[in-house]
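Here's a quick briefing to read with the model open beside you.

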Amino acid sequence: MRELKSLTQREKIGQLIMAGFHGTEVTKELENLIREYKVGNILLFTRNVQSAAQLYKLNQDLQRIAMDALGMPMYISIDQEGGMVTRIFDDATFFPGAMTMAATFDSKNAYNLGDLMGKQLISLGINMNLAPVLDVNSNPKNPVIGVRSFSDKPEMVSEFGIANMKGMQNHVVATAKHFPGHGDTYLDSHLALPTVTKPLSELAKFEFKPFKAAIDAGIKAIMSSHINFTALTEDGLPVTLSKRALQGLLREEMGFEGLIVTDGIEMKAIHNHWGAIEATLMSVNAGANLVCICHDMPYQIGASDRLMQALETGELLESTLDERVERILKFKSELTVNLVDSYETVKATVEDQNSKQYAKQIVEDAVTLIKGDTLKLKDKALMIATLPIATTIADEADFNSALGKKIKNALPNLDLVEIGITPSEEQINQLVDQAKGYDQIIFTSYNANVYQSQILLMNALNELGIELHVLAMRNPYDLYYAKGIKNYVAFYEYTPNSIEACIKYLKGVLIPKGKAPIAYE
């Protein structure tokens, strides 16, 4: 492992950048970014993953170039939260999401799943996971967190989040996010700059708790949020750009000694106000160690050049740069890379059937009858299935109409209508008219707390007086807005495993035994 004093300024700056790229193999442009601009870390997305074997080779190729060009390994990171934010679908286990784990009410499951996930990631050559989410989802209309959070209770988020982190950190660096909490926002920071006006005393009792608990439990990395906490940050800045938040609160008050990672610096909350290149400099000065520049190479090169310029002008002190990089090198000294073995040597770990079965079992165990009676399918039943979409830039997969197709195959006698997430008034009227001819209605919702025309449809169907069952296939917050619903079941995620669980429930072979990790009014 190289020492700080042996690095050139460009090499030091390269250690601060975590770059995303397009494609499934190393291009000349990407290799140039590492060799010429000394970029020292990579962030993977679904667009980079075709198969486990391809991903393994890609990561090996990246590390081979890094060892040759930089003399040290890269952090290769990914957002593998499980559930709705999953980047690796094929071959490996499809892990459950946070709220699914919490609905089992057994944090051993969170530990075990973190351990299995970490083992699969490191086997594939990924040594940092941008998870777990430690946001307390206190706002039922939150458009970006929802089921990505374990709970609306800080104690439960702490218990399950730390268990998940400890399992993960048996193998990889875990990253708690989105500090100091994205759970009470009405805006998605991918699209705009959210503001939270809570006083510090309230933040300390609620948002800060899981992060402080994670620090005390040895979390190695924390991701900053692009949110303006008016009681915490200065001059209307988001946390990512705030020295008061990163140095003052996180480092000095909370005693965090690990790596501070930014959320994607090209997200509109940052880019629309400060620009990705300038914000990279601001975030490093504020206290960040790793800046995620997720998508565009011109910003990655531009940020490297801007930091070089800032060293010349004194806008970035060499001592600040050294402090940020030294911390990275300290953690990288723990990394090992395998540049020799083939995918065959890790295939059994990555494609482990026991792991897949355990993940599937957790999804089934989490299914929660929140209100009313378990479904007993009648002969004359209509199912109205909401087609999911990727509701934020964070979730990249929506599995299209997999639920509808699988239900048609499994239950050919069940009449099925598929709708979009925002049914029109005309469509609602048509569906209500159609439903009048049935003895039973089953409606699968998808984030109806955000896409509230689904609530209008639910309430209109409910007024028919026909037996109605609502199955929530993502955020389980519909009941906040449709209190008249008598029968309500939460599945917490729209994933291949939950689709199978849903079909088992419709067939009457899955009896819900989960418990809701959120409170209902």
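Which elements do the buried residues of α8 pack against? They pack against α6 (154–168), β5 (173–179), α7, β7 (221–224) and α9 (243–253). Keep in mind that this is a predicted model, where local features need pLDDT of at least 70, side-chain atom pairs count only at pLDDT 80 or more, and totals for chains, interfaces and linings use all residues. Residues are numbered from 1 along each chain as its sequence is written, and side-chain values use heavy atoms, with hydrogens and water left out.

**Helix α8**
- This helix covers residues 208–216, and its buried residues are Phe208, Pro210, Phe211, Ala214 and Ile215. Buried means under 20% relative accessible area, with exposed being over 50% and partly exposed in between (1.4 Å probe, protein chains only).
- Just after α8 comes glycine 218, which has a positive phi of about 95°.

**The whole protein**
- You'll find 19 helices and 16 strands here; helices (H or I, at least four residues) and strands (E, at least two) are DSSP runs, numbered from the N terminus.
- The radius of gyration is 23 Å, close to the 24 Å that the globule rule gives for 521 residues, so the protein is as compact as a globular protein of that length. That radius is taken over C-alpha atoms, and the rule is 2.2 Å times the number of residues to the power 0.38.
- Of the 521 residues, 62% are buried.
- The C-alpha atoms fill a box of roughly 75 × 55 × 40 Å, taken along the principal axes.

**Lysine 198**
- Look for lysine 198 in the loop between β6 (195–196) and α7 (200–205).
- Lysine 198 counts as buried because its relative accessibility is 12%.
- Its side chain makes a polar contact of 2.7 Å with the side chain of glutamate 207. A polar contact is a pair of N or O atoms within 3.5 Å; within protein, one must be able to donate a hydrogen and the other to accept it, and residues adjacent in sequence count only if both atoms are side-chain atoms.
- Setting aside neighbours within four places in sequence, lysine 198 is in contact (heavy atoms within 4.5 Å) with Ser138, Asp184, Leu203, Phe206, Glu207 and Ala231.

**Alanine 435**
- Alanine 435 sits in helix α17 (residues 425–435) and is buried, at a relative accessible area of 0%.
- Beyond neighbours within four places in sequence, alanine 435 is in contact with Leu382, Ile441, Leu461, Leu464 and Ile466.
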